Amino acid sequence: MVFRLLRPDSNSVWNIQEIANRFPRYKSIIDGNKTARYLIARTISADFKNSFSDQQLEELLSTLSGEFKQILTLNQKEIDSRKIQKPNYIDLVETLAFHYLEKCIFCERKCGINRIEEETGFCFLTGDSYVASSFLHMGEESVLVPSGTIFFQGCNFGCVFCQNYDISQTWKGKREISDIAKSVDKKQLASIADNLADKGALNINYVGGDPIPNIHTILGSLNFQTANICQLWNSNFYLTSKSLSLLIDLMDFWLPDFKYGNNECAEKYSGIKHYYDIITRNLKIIHDEGSGEIIVRHLVMPNHVECCSKPILEYISKETPNCVVNIMAQYRPMYHSSNYPEINRTPTMQEMHEVKNYADMLGILWKPVS
Ligand code: SF4
C-alpha cells in the first residue's frame, strides 16, 4: 500500500516489542481481532429520560461505566454476540454533554454560558461544530499512520506561539466562521469518519484547534459511525473531570499535549490557569481508568528545558509510566512569539539532546514515536 511506502516505519514499528506491549488493544482493533470501545458502548442499554437532572444522569453513567468495564473482560465471541441497544450508553453521554453545553463546562475555563442559545465564551463557538479539514495524515506518530484526522475550528487555549492560529485564534470576531470551515452535525461528522475509514485510516483522530468544545457533536456521531475503528482524542487535555467522564470509556487511544511543567509558564504563554494541576489530573485518569494506551506529545520550547521539559518527564516516569512520549522538536516562533524574546527561536540541538538524554535516564520510551 502507498502508506507503507510513504511511511515504512508505520509497519516496522510494530516489530518493536516494547511498542507492541504498550498498545496491545489498539493493535488488535487495527488487525480486526477486537472491537472498538464505542461499538461496545452501543450494546449497553441506558434507561433514562431527557428530563433527568445532571445528577441522575451522572449516577446512571457511573453505573453503566462499571458495566462497560465488565464487558471489556469478556472474550471476543461474547462481545460479538451482543446486540445494539436503544437508548444506549452513547445516547446517555450525548444527553449529558448537551446539559453541560447549556452552561458550558466542557473545559476548565468553565465559561458558564449557554452555547445552545448562541452565547459564546473564550473559544468563540456556539453549539455548532465546524470542521476546517479532514484527511489521511501521514505525518503523525508511526503507530498512528495513516491517521484519519479531523481538524475542528476553534480552541479553548490562547497560545502566543500557536502553529495553527488560522483555525484556532485569528478568525475570532473578525471573520464569519462559515466562510472558513464547514458546519457539521453528528451525522455529517460520522460520514466524514466513515469516509476516512474507507480510505484506510487506522484511527479517527479528533484534533483542532481543539476537539474539547465539540464533545457533544463527536459523542453524537458515535451512534452513526459504522467502522470498527479506533477512536483517538488528540487534545490540549484542559477538559473538566465531567467532560472526561463522558469520553473515558469510549476512546481507544489518547494523544494529550503536555507542554508546560508548571502553572506559571502556561498562564504566561497560553493564558490559562492551573494548567499543570489539571493536565496531570486528567493524564492520571486516562492512564489508570481509561484505555491506558497513550502517546504524550511534549513540544520542547526554547529556554524551557529546566522549568517544563524535565518536570514533565519526571511526572510521566513516576505517575504514568505506560505512556510513550513523542519528544517534539517542531516548535517554531509563530503568531505572537516575537513579543516574547525568550521563546522567539527554535530549540537548539543542545536543548533537544538534553531533553532526550533526560528521558533515557528516566527510562521513558520515546524513540519509536518521536
Ligand atoms: S469549551 Fe469554550 S465556551 Fe466552553 S468552557 Fe471551554 S472555552 Fe468556554
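**View 1. Surroundings of Lys259.** Leaving aside its neighbours within four places in sequence, Lys259 is in contact with Cys159, Phe161, Tyr275, His298, Cys308 and Ile312. In this predicted model, Lys259 is found in the loop that runs between β6 (253-256) and α14 (263-270), and its side chain makes a polar contact with the side chain of Asp257 at 3.4 Å. Lys259 counts as buried because its relative accessibility is 11%, which is under the 20% limit for that class.

**View 2. Glu306 and Lys310 in helix α16.** Both residues lie in helix α16 (residues 305-319), where Glu306 and Lys310 are four residues apart, about one turn of the helix. A salt bridge links Glu306 with Lys310, and the closest N and O atoms are 2.9 Å apart. Glu306 is exposed, with a relative accessible area of 53%, whereas Lys310 is buried, with a relative accessible area of 13%.

**View 3. The salt bridge between Asp360 and Lys367.** The side chains of Asp360 and Lys367 meet in a salt bridge, at 3.9 Å from N to O. Asp360 is partly exposed, with a relative accessible area of 38%, while Lys367 is exposed, with a relative accessible area of 55%.

**View 4. The network of Glu108, Lys110 and Arg281.** Salt bridges that share partners join Glu108, Lys110 and Arg281 into one network. Within this network, Glu108 forms a salt bridge with Lys110, the closest N and O atoms being 3.5 Å apart. Glu108 is buried at a relative accessible area of 17%, and Lys110 counts as partly exposed at 47% relative accessibility. The structure as a whole holds 21 salt bridges.

Methods: Residues numbered from 1 in each chain as written. Predicted model: local features only at pLDDT ≥ 70, side-chain atom pairs only at ≥ 80, totals over all residues. Heavy atoms only, no water. Helix = DSSP H or I, 4+ residues; strand = E, 2+ residues; numbered from the N terminus. Buried < 20%, exposed > 50% of the residue type's maximum accessible area, 1.4 Å probe, protein only. Polar contact = N/O pair within 3.5 Å; in protein donor to acceptor, adjacent residues only side chain to side chain. Contact = heavy atoms within 4.5 Å. Salt bridge = Lys/Arg side-chain N within 4 Å of Asp/Glu carboxyl O.
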